Amino acid sequence: MNWRTVIYIILLVSFTIVKALPRSYRDLEEKNSIGQHFSQLQENNFKAIAMIMFAQYVQGDTFGKVVKMAEDVTHLAKRCAAADTDNPDCLKPLSRIFLDTICQEENLPKFTDCCARKDPERNDCFLSLKNSSRGFISPFESPNAEAACKNYSEHQQSLTGYFIYEVSRRHPFLYAPTILSGAIHYEEMMKDCCRGAEDSTHNLEECFRRQAPKVVKPVREDGLRQEHTCGILKKFGERTIKALKLAQISQKFPRADFVTVSKLMTDIANMHKDCCRGDMLQCMHDREEILHYVCTNQDIISSKIKKCCEKPLLQRSECIINAENDDKPANLSPHIREFIEDKAVCERFAQEKDTHLARFLYEYSRRHPEFSAQMLLRIGKGYEDLLDECCKAGSPDSCRSRGEEELKKHIYETESVMKTSCDIYKEKGDYYFQNELLLSFTKKMPQLTSAELIKFTKQMTTIGSKCCQLSQDKLLPCAEENLDLVLGEICRRHLTNAINPAVCHCCSSSYAHRRPCMGKLEIDENYVPLSLTPDLFTFHEDLCTTEEEKLRHEKQEMLINLIKYKPQITQEQLTSVTAAFTAMREQCCREENREACFVKEGPELIKRSEKMLSA
C-alpha cells in the first residue's frame, strides 16, 4: 500500500471528491453505489478515507486489522466499479458497507450490541462509542531517533500509514484532511532528518526535536478547536453555537448581507453537529460544500479571500479562517439606534424574537471587529434582557434608553480587565506573570493538580505574550478568544472530574459570561487546606541547578503547595516566605555539602514560615 501516493493524491484532488461522498445516514438510500463512489474518488483516495474511518470507528483494533478492513472494502468497491453490479453488496450504501465490514470481524465484543441493531440506529450506536478522552488509548511512544530512521528506511510506505492509523484512533472526531495534512508533515520530517542519519555530524535528536512541532501542532490545535466547539454545542446547545458563528461571520464578512450570513451560520452549525457526532463522511461533505459556496460567491461575501480560494482544497479552509476581516462598507452607519429608538421594536421582538435578535447581533458585530465574539454575545444577551424588561405592558418609554449606558459600562469594564492584565504582563514578564496567575487560580481551583495549574497558567501566559503586543483594536479578540479555549479545557476537565461548585456554575450557567465569571471567583471557602506533612515541602541540592527552567518549575510547585496549605496567604506573607526561602537556597548552594545543608536548614525554614503565616 503506497501511502505516500495515497496522501498526495487526496490532498490535491478537486471538489469532485466532496460531491462523490455519500451524504450520511440522513440519505441512507443514496443513488450512488460503492462502485460509483470508487470511480469518482479513485482507488487511493477511497483507500485513505476507509483507513481513517475504520481507525476512528474501531479505535482498539490493530493496525493490521484496520488495513485489512480498508483493503477489503476497497477491493469490493473496485469489483463493483468494474462490472459486478449484480452483486447485492454493490447496491448497499457505502456507510452500511463500512459497518457490515466491522461487524463481520471477530473478537470485537464491544460492538456486539451495536451490530445487533438496524440502520440508522446501528450507526448512532457506533458513533456513541467513539472515545476521545486522554488515556483511553495509551500515549504514543516515540522510538529513539536512530530506531525511527532505521524503521523509516525499511518500511517507508507502511510507516506513514501507521502514522495515519495512530492519529486517527486517538482523535476519532478529527477532520480527515487534518490527519492527512499531518501525515504529509510527518513524511517530510522523516525524509529530512533521516537523510543524514549516516553522517556522524548530523544530530538526529535535534532534527526531530526541531521539526516535530510542525507535525504535532496543527493536529493538536485543530483537535483542540474541534473539541472546544463540540463542548460548547453539547453544554449550551445549537442556539449558542449559531450565535457565536453569527458574530464571527459578521465580523469577518461585514459586506455580506444578513441573508447570506444567516445561511453560512446555519450551514456551519449543522456541520459542527455532524462533526461532533463523529460522522466523518458527512462532516467532510458539509465543510467542503461551505467552502464551495463561499468561494463561488466571493463578490457578495469578501474581497479578502481570493488567494485562499485559489489554494488546494485542504489548505482553503484554514486560509479563510485566518484571512483578515473584510473592509466595512463605506456607507455603514456607526450606530444602530433603530434597535432602541424605533417604536416598532417591541412588536418585532414579540413576533419574531430570534430573527430580531440575530439581526441586532449581525448589525452590531459587523461594525465592531475590535470586540471579541464572546463580548458580542454578552452584548446580544444584554439587548435581549433589555427588551424582555422594557417591552412589558406598562413600561415607560424611557426604559430602553438606559441600554446604551449599560453597554458603555460593560465595554469599559471588559477593556479595563484586559488592559490591567497586559500592564501586569509587560511589567513582570512571563515567569512572574505566570506566578501571579498561579496565586489566583490555585486559590480559585485548589482541587487541580500542580501539573494542571502550571499547564493552564502557562497557556494563559502565552496568550499574554501573543496578544499584549497587539494594537488596541486587535487586543480583545486575540486575548478573550484564546482565553476562551483555555477556559473550555478547564471546563471539560471539570466534567471529567469535578473541581468545585463555583467552577461548575461558571462552566454551565452561560457560555458568553464564562470568562467574567471565572475572573470574579475568589478563594474556595469549602476547600480543606493541605496538612503540613514532612513530604509537603522537601528541599534538596537539585535546587542549586543552573538550569533556569527546571529551577523555576520546582519553585512554582512549592508556590502551589504553599497556597494549598495556606489559601488565605497575604501578599506580605508570601513575600516574607519567598525571601526566607531564597536566603536559605543561596546559603546552602554555597556550602560544600549542599544536601546536608538542605537537610538541616529545610525544617528550620518551615518552622519560621509557619510563624510568618500565623502572624
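**Exercise 1. Find how many residue pairs are in polar contact across the interface of domain 1 and domain 2, and which elements of domain 1 take part in that interface.**

Step 1. Start with the rule: a polar contact is a pair of N or O atoms within 3.5 Å; within protein, one must be able to donate a hydrogen and the other to accept it, and residues adjacent in sequence count only if both atoms are side-chain atoms. Across this interface the rule gives 2 residue pairs, both at pLDDT 80 or more.

Step 2. On the domain 1 side, the elements giving two or more residues are α4 (43-57), α8 (121-128) and α11 (176-194). Helices here are DSSP runs (H or I, at least four residues), and strands are too (E, at least two), numbered from the N terminus.

Step 3. Sort the residues of that side: 8 are nonpolar, 5 polar and 2 charged. Ala, Val, Leu, Ile, Met, Phe, Trp, Tyr, Cys and Pro count as nonpolar, Asp, Glu, Lys and Arg as charged, and the others, Gly among them, as polar.

A word on the source: this is a predicted model, in which local features need pLDDT of at least 70 and side-chain atom pairs pLDDT 80 or more, while totals for chains, interfaces and linings use all residues. Residues are numbered from 1 along each chain as its sequence is written, and side-chain values use heavy atoms, without hydrogens and water.

**Exercise 2. Describe the area buried between domain 1 and domain 2.**

**Exercise 3. Locate the salt bridge of Asp 72.**

Step 1. The rule asks for a side-chain nitrogen of Lys or Arg within 4 Å of a carboxyl oxygen of Asp or Glu.

Step 2. The partner of Asp 72 is Lys 68, at 2.9 Å, N to O. Both residues sit in helix α5 (residues 63-82), 4 residues apart, about one turn of the helix.

**Exercise 4. Where do Pro 120 and Asn 107 lie, and what marks their backbone?**

Step 1. Pro 120 is in the loop between α7 (112-115) and α8. A cis peptide bond joins Asp 119 to Pro 120, with omega of about 5°.

Step 2. Asn 107 belongs to the loop between α6 (94-103) and α7. Its phi is positive, about 60°, although Asn 107 is not a glycine.

Note on methods:
Buried area is the accessible area (1.4 Å probe) that two parts lose on being put together, summed over both.
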